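Subject: Structure handover

Hi,

Here is the structure I promised you. Please keep it open while you read my notes below.

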Amino acid sequence: MASRVFALLIGIDDYKSGRIWNLEACAHDAQRMKQWLMQDLQVPKENIALLINQEATKRRIEDTFMSHLVNNPAITKGDALIVYFAGHGSTLRAPPDWCEGKPGSVQVLCPYDHDAKGPEGRVAGISDRSLSAMLAELSLIKGDNITLILDCCFLKVQLSSSTRDRRFVRYTPTTKATPEDLFLGLWRGAVGRKFRGEFGFFQDGCQSHVLLAACRPGEKALEWKEGGKFTSELLTVKDALPLHQMKSSDLSEHLTKGLTHIQQHPVCVGQRKDRVFLNGVPFVADASLVPVNGEKDRLRLEMGAMHGVVEGTEFSLHEHNRFGSINPSLDSFRVYEVHPTWSLARRKSMSKPGGRGSWARITRWNSRTPFRVYVKRTCSYLLRRLFGRSKNSEAELDGIPVKEGLNIVQVETSTKADMSVGVHTRDVRVQNLDHLVPPTAHPLIRIEKDRSRSGVILSEAARFHMHLHRTNPSKPFHESLGMEIFRVDPHTQRRVGPNLLVDGTAAISHSEGVRYAVVLHNHSDTDLWPYLAYMDSNGVDIQLLYHPQPSYPIA
């Protein structure tokens, strides 16, 4: 499923103007936010625009905001949009007739070239009025599921010039830019648009977006070398509490609990602040979790023999089935009785206290089918052999972690292998060598060199192999079932041409707009519930194309 999360992340430590005190952890914070989005929420790299230090000029930020968010054709209304800023905040004296409400000062975000000369005069930051108009335009086109996260501050009392007062505070005074420069840098869409300037960025009645700010107006947003206190707390909370059912306003309260000791109180404002964080968009159902029900010590798992479950298969119990939201294991069970579509399991340990959950994830398949892997002798492999461990541990295959119960066996030659693995300096290269897969479908797949990701690919490949080779030796419906694959007219859905399935094999060419139909003929006296899965031989993906609906039990 394509991700429905898009983000513009900005982190600025080094400023162009020598009058601005440089920070230490803003760029790192933006990169940590990107890591969270990519690893936990599985947001593709192309959905994230990251601007660091000198990349984050006022013009570049505004241009990227338009190209990556407002004019991005991949974004549809309702997608979760995040604008994150870590850097200095500042305030300027409000010019006459700046906006409604007669504010005494204007809050601004400080881009890399803040308070420096630009092509249109001196840069006076991105004002509260400008960003409000920008987000209103974005909301009009892409919907109001927008979260603005600011790890900076807007002090009412200027900091002293001492290093001790300034060093760890994400605020800078503006010394050169004038109130008139605010008008010169005003976002064109803000002209003629009403804005209550006395509230700055903290517009509680705002309909376009929700604001999560590091602190109240007038408070200090602090950082340390490891990161901003606010951003660090946010990334701590997401690992401690389930975000999929948390309101943005509740998230702000949890963040406050972790920062009160330093007199920093995060704020959440906006008319949609009582909506679930990011409107719940990233937290889609996780297909690897399946329903369970029953008593505390004995459960029915809605997976059976057809899914690869056997006696001894183990699974963990979880509270929910939402992706990207912390979901720790509450208990462990082992299957003792297997049926075609379901199975029964007991707790692994009756002596330890366990939790109650409604969802299960397989942790050990206990596969009977060996998955044979050939490890290529790359330069990296030889160096590890010479200077590292003399042999692989039981839980690793040339540095790649191996999950228990997958029956992975290392072989000495590629001719005996179902998959080859080569661990190189920069990446891991795998190739499917299974004899049931056509030789033309043996592409070399390059994976970023990451232990956890490489381990996941190896586990998925072993599971793919297990399902590919799984059969019923008794063949109870061998003479009673028939199958056809043929082309259909995309408009009338009528059959076009003969059955393409000949002797168990069908040659199907992929062409734009061409559709195919699969028909099963049941000549037995038994009602059947067929499942149709697509196994991608170019990778290790298994996609369920059809499964019977509960309201129509007979197919």
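N53 sits in the loop between β2 (48-52) and α2 (58-70). Helices (H or I, at least four residues) and strands (E, at least two) are DSSP runs, numbered from the N terminus. N53 is not a glycine, yet its phi is positive, at about 50 degrees. Most residues other than glycine have a negative phi. N53 counts as buried, because its relative accessibility is 11%. Buried means under 20% relative accessible area, exposed over 50%, and partly exposed in between (1.4 Å probe, protein chains only).

Two notes on the source. This is a predicted model, where local features need pLDDT of at least 70, side-chain atom pairs count only at pLDDT 80 or more, and totals for chains, interfaces and linings use all residues. Residues are numbered from 1 along each chain as its sequence is written, and side-chain values use heavy atoms, with hydrogens and water left out.

D503 also has a positive phi, of about 55 degrees, although it is not a glycine. Where is D503? D503 lies in the loop between β29 (501-502) and β30 (505-506). Is D503 buried or exposed? D503 is exposed, because its relative accessible area is 78%.

Now the whole protein. It has 9 helices and 33 strands. Of its 555 residues, 46% are buried. Contact means heavy atoms within 4.5 Å. Take the contacts between residues at least 6 apart in sequence: 71% of them join residues at least 24 apart.

Next, helix pairs. Axes are lines fitted to C-alpha atoms, for helices over the stretch in contact, and angles run from 0 to 180 degrees between N-to-C directions. Helix α1 (residues 26-39) packs with helix α6 (residues 229-237) at an angle of about 15 degrees, and their axes are 10 Å apart. So α1 is roughly parallel to α6. Angles under 35 degrees count as roughly parallel, over 145 as roughly antiparallel, 65 to 115 as roughly perpendicular and the rest as oblique. The α1 and α6 crossing is left-handed. A crossing is left-handed if the near helix is turned anticlockwise from the far one by less than a right angle, and right-handed if clockwise. On the α1 side, the contact is made by D29, R32, M33 and W36; on the α6 side, by T231, S232, L234 and L235. By class, the contact of α1 with α6 has 4 nonpolar, 2 polar and 2 charged residues. Ala, Val, Leu, Ile, Met, Phe, Trp, Tyr, Cys and Pro count as nonpolar, Asp, Glu, Lys and Arg as charged, and the others, Gly among them, as polar.

The second pair is α2 and helix α3 (residues 128-142), which pack at about 10 degrees with their axes 11 Å apart. They are therefore roughly parallel to each other. The crossing of α2 and α3 is right-handed. From α2, E62, F65, L69 and V70 meet M134, L135, L138, I141 and K142 of α3. The contact of α2 with α3 has 7 nonpolar residues, no polar ones and 2 charged ones.

What about disulfides? A disulfide is a pair of cysteine sulfur atoms within 2.5 Å. The search of the whole structure finds 0 of them. C152 is in no disulfide, and the nearest cysteine sulfur, that of C153, is 6.8 Å away. C152 counts as buried, at 3% relative accessibility.

- L186 is in the loop between α5 (179-184) and β10 (210-213). L186 counts as buried, at 14% relative accessibility. L186 and R129 are 57 residues apart in sequence, but 7.8 Å apart in space, C-alpha to C-alpha. Not counting residues up to four places away in sequence, L186 touches W98, S127, R129, S130 and V191.
- S248 is in helix α7 (residues 248-259). S248 counts as buried, at 3% relative accessibility. Beyond its neighbours within four places in sequence, S248 has contacts that include V210, L212 and C268.
- G482 is in strand β27 (residues 481-488). G482 and L520 are 38 residues apart in sequence and 5.7 Å apart in space, C-alpha to C-alpha.

Best wishes
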